[in-house]
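Here is a briefing on one protein chain. Please look over the sequence and the model before reading on.

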Amino acid sequence: MLVTGLTGTLLLTSLVCLKFVKYNNNIELMLPADRQVQQSMRFLRESNFSDKLVISLKLNDSQHTTEDLITACDQLAGSIDTPLVKNIINSIDGSSFMPEMIFFLQYTPQLLGPESLAKLKDQITPAGIKERLSFIYRQSLSPQSSFVMPFLRADPLNLNSRILNNIQKLSKASGYDVTINRGHLLSKDGRYAMIILKTSVLLTDGFGSRNIIHYLQEKLKPLPKYIKADIIAGHMHTVKNEDIIKKDICLTTIIASWGFILLFLFAFRDWKAMIIFLIPLGAVLITTGISFLIFGELSYFVIGLSTVIAGIADDYGIYVYMAVRKAGNSLETMNKIRRPVVVGALTTISVFIVFFFSSVKGYHQLAFFSNFAIIICLAYSLFILPHYIKQEKPVQITAETKPIAKFNLGIPDKIWLSFWIILMIIMAGLSTQLKFNNDITQFDGPGKEVAKNEMEFRSAWGNKDLPAVFVIQAKTLEDAYELNDAVYTEAVQAVGQENFKSFASIWPGFSKRQANLKSWKEFWTNQKIQEFKNLLAEYGTPYNFSPEAFAPFVQKLDNPATLKEEPEGLVFFEQLKDQFVFKKSDAYQIISFFPDQNNFITKLSGLKEKYPGSFLVSRKNFSRQVSQALSREFLYLGLLAVLLTLCFTAILLKNLRLTIIAIIPIITSLASIAGVTYLAGLSLNIPAVIATMVVMGLVSDYGIFMVYYCKYHYQTGTIPAVTLASITTIIGTAVLLFAQHPILFSIGLTLTTGVLIGYLCSMIIIPVAYRLWKDKKDVPI
């Protein structure tokens, strides 16, 4: 009664504590502590990309015009008023653009390199000046003269065409092709408009992400029917992933519960057998609370596996239940089953223990959660459960007369062995065709609607392939500009200027601007300036150009702008800088964009090594980094799991021959998982590898119990116990096949395949191998 009371109190306390448990669907929990991987994730989390949301508005019909779209855009932007949104970019004031650009041209002497001055020398000739002034005169007669003439007066020699072109390229460097119409951000066809929101909510903040997405969705409802609005943001992935995982957990729990109830009704027909299923459920409940106290928050990935863990943990209760019902709860009975039950549990625990040696924090949670739940179930099954079970009828624990003959279906052992060998050859052949998928986006399950909206967004705005990013960092802004300029110079040589969009193309480092200014002053001697003025006066007269027509440019010759860290008061410069320059707590980061292709990644990776602190952020490169880091880990963890499983199996059986026979289900399951995964049209991934390691611990139990049974033939209900244990485990794993999230589905397929094949192999192939590989001391079966 005391134990029952303490257990009830503990369960009640754990149930109440569930309300306070915090869950986390942050993918960082499932990534290795590799320096490059963590560096990339930290950049994505802290960069200006992560605090932006985009609302894309689309005209749904042809009856409405761009004017209607702009009106809807203004109404929506005006309605957004929440502390969650720090800034709204709905329109750009074009009236200030022209004077700002003209003002920026005063830095021309600092921005033009020696190669530009060499070309300039050929322009300052009678023929060159005459041709240029003729062009300017024709432009003055054109309809757009009011727009272009201020530029031409400030730059009659067209020195800044490259700078202006670079500014235009930088505005599109992130891959989006935006046009400005009445100051609004529109697509080329005028059917889409864009509103950019800057928020204080981090991508990893599930609660905050849900609040801002819900707020914006409410604001989208009053929009007219001819407008379709989509929210494009990483926050949508955070919310949708959480929703899908919650839905999957709820669905799988319901299906698993009904499966256990039906199994209880038709297989056990004893109300006390409910204790077998209550033990793992209670263990999971208690472990959830304790895990939260230790880790502070729990990964949804771990909670999603709770039904699997429950299916594993009830195996020991089933073994004890069947033995006690068959042979009574005497000390003799418990002595006969305690050893295989404990060692079977140890082999499973050993597989989960190796996850503690991983650098992935989420795996530490999985290891603790699983092992703690298994230990609770093992203790209750061995020491508490027998007192609640009554024996069917007294029997003496002796060898069964027909222990396992019914499982061979009358087929000769050698035929079964031949069938197994052929199956292994086929599965091994299929496994060679299996590919490993290292794309990190496969772990993201936002749903079809979000994926469809993002695909439409990229298609409408010209961003079908997201660019990769080259990141430099330095302690001061001046040092960051200097380093960025050095990287830009070498990157252009490596991949070409058209493939590397850098802020250095419009604002080089201080030392280069200083050198350019010096070269400018050396070029524009007093004699050169006077010669230029004379040519303007001589060839400008036929076109009625006044002596002051090009005064803005001539003033730069006499008095060029002084060197500064950066221009001040220019909105366009600050907007560009906001895209490329990030201020951190202790450093500055400047990014550059380049195509996310392997050849560019390879070339720039070498450049990265030359400049300490710089790094690449690329979806393809990131996937490769994660894959390499996890592959190294799982090679080590897999070998460790195999060694521990073999060690515990050998300790129990104390016989090399029996140990080899006992691991046949493990070998069969591993080969079958690879073959079935290929036949299902899927590829191997990290979650599948984790699940495969778990399968090793599970089916090793079946192998141990069946070999132990073949050796001693104890009437402790081994065969029905193994059968029911495998059924409960399959119920816990098969329900994951109904999950929508790709991680849970992949785990479900792997576990279900491995456990099912492992069970059939234990029931059929182990007795066959035991009979064919004879030992003089063996009792015939």
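The points below run from the whole chain to single residues.

This is a predicted model, in which local features need pLDDT of at least 70 and side-chain atom pairs count only at pLDDT 80 or more, while totals for chains, interfaces and linings use all residues. Residues are numbered from 1 along each chain as its sequence is written, and side-chain values use heavy atoms, with hydrogens and water left out.

**Whole chain**

- The protein chain holds 31 helices and 13 strands. Both are DSSP runs numbered from the N terminus: helices are H or I with at least four residues, strands are E with at least two.
- Of the 781 residues, 53% are buried. Buried means under 20% relative accessible area, exposed over 50%, and partly exposed in between (1.4 Å probe, protein chains only).
- Among contacts with a separation of 6 or more, 83% join residues 24 or more positions apart. A contact means heavy atoms within 4.5 Å.
- The chain exposes about 35800 Å², and carbon and sulfur atoms supply 61% of that area. Accessible areas come from the Shrake-Rupley method with a 1.4 Å probe; for residues, only the protein chains shown count as cover.

**Buried positions**

- L216 sits in helix α10 (residues 206–220). Its relative accessible area is 0%, so L216 is buried.
- Beyond its neighbours within four places in sequence, L216 touches L53, I55, I80, L197 and I231.
- I55 lies 161 residues from L216 in sequence, yet their C-alpha atoms are 9.0 Å apart in space.
- S762 belongs to helix α31 (residues 742–772). S762 counts as buried because its relative accessible area is 0%.

**Surface patch**

- I254, W258, I261, L262, L265 and F266 form a nonpolar surface patch, with about 640 Å² of accessible area together.
- Patches are made of residues with over 30% relative accessible area and no salt bridge; like charges are joined within 9 Å, and nonpolar side chains (Val, Leu, Ile, Met, Phe, Trp, Tyr) within 5 Å.
- W258, one of the patch residues, is in helix α11 (residues 234–268). With 54% relative accessibility, W258 is exposed.

**A helix pair**

- The axes of helix α15 (residues 315–327) and helix α16 (residues 331–353) come within 10 Å and cross at roughly 170°. This makes α15 roughly antiparallel to α16.
- Axes are lines fitted to C-alpha atoms, for helices over the stretch in contact, and angles run from 0 to 180 degrees between N-to-C directions. Angles over 145 degrees count as roughly antiparallel, under 35 as roughly parallel, 65 to 115 as roughly perpendicular and the rest as oblique.
- From α15, Y316, Y319, V320, A323, V324 and A327 meet T333, M334, I337, V341, G344, A345 and T348 of α16.

**Salt bridges**

- The whole structure has twelve salt bridges. Each is a side-chain nitrogen of Lys or Arg within 4 Å of a carboxyl oxygen of Asp or Glu.
- D578 pairs with K52, with the closest N and O atoms 3.8 Å apart. D578 is in helix α24 (residues 571–580) and K52 in strand β2 (residues 52–59), so the bridge ties together parts 526 residues apart in sequence.
- D578 is partly exposed at 28% relative accessibility, and K52 is partly exposed at 23%.
- E456 bridges to K228 at 3.5 Å, N to O. E456 lies in helix α19 (residues 448–460) and K228 in strand β7 (residues 227–232), so parts 228 residues apart in sequence are tied together.
- D413 and R771 meet at 2.8 Å, N to O. D413 is in helix α18 (residues 413–431) and R771 in helix α31, so this pair ties together parts 358 residues apart in sequence.
- D413 and R771 are both buried.
- Through shared partners, salt bridges join K58, K228, D230 and E456 into one network.

**Positive phi**

- Most residues other than glycine have a negative phi.
- N158 has a positive phi near 60°. N158 lies in the loop between α8 (145–154) and α9 (161–171) and is partly exposed at 36% relative accessibility.
- N544 also has a positive phi, about 60°. N544 lies in the loop between α22 (526–540) and α23 (551–558) and is exposed, with a relative accessible area of 71%.
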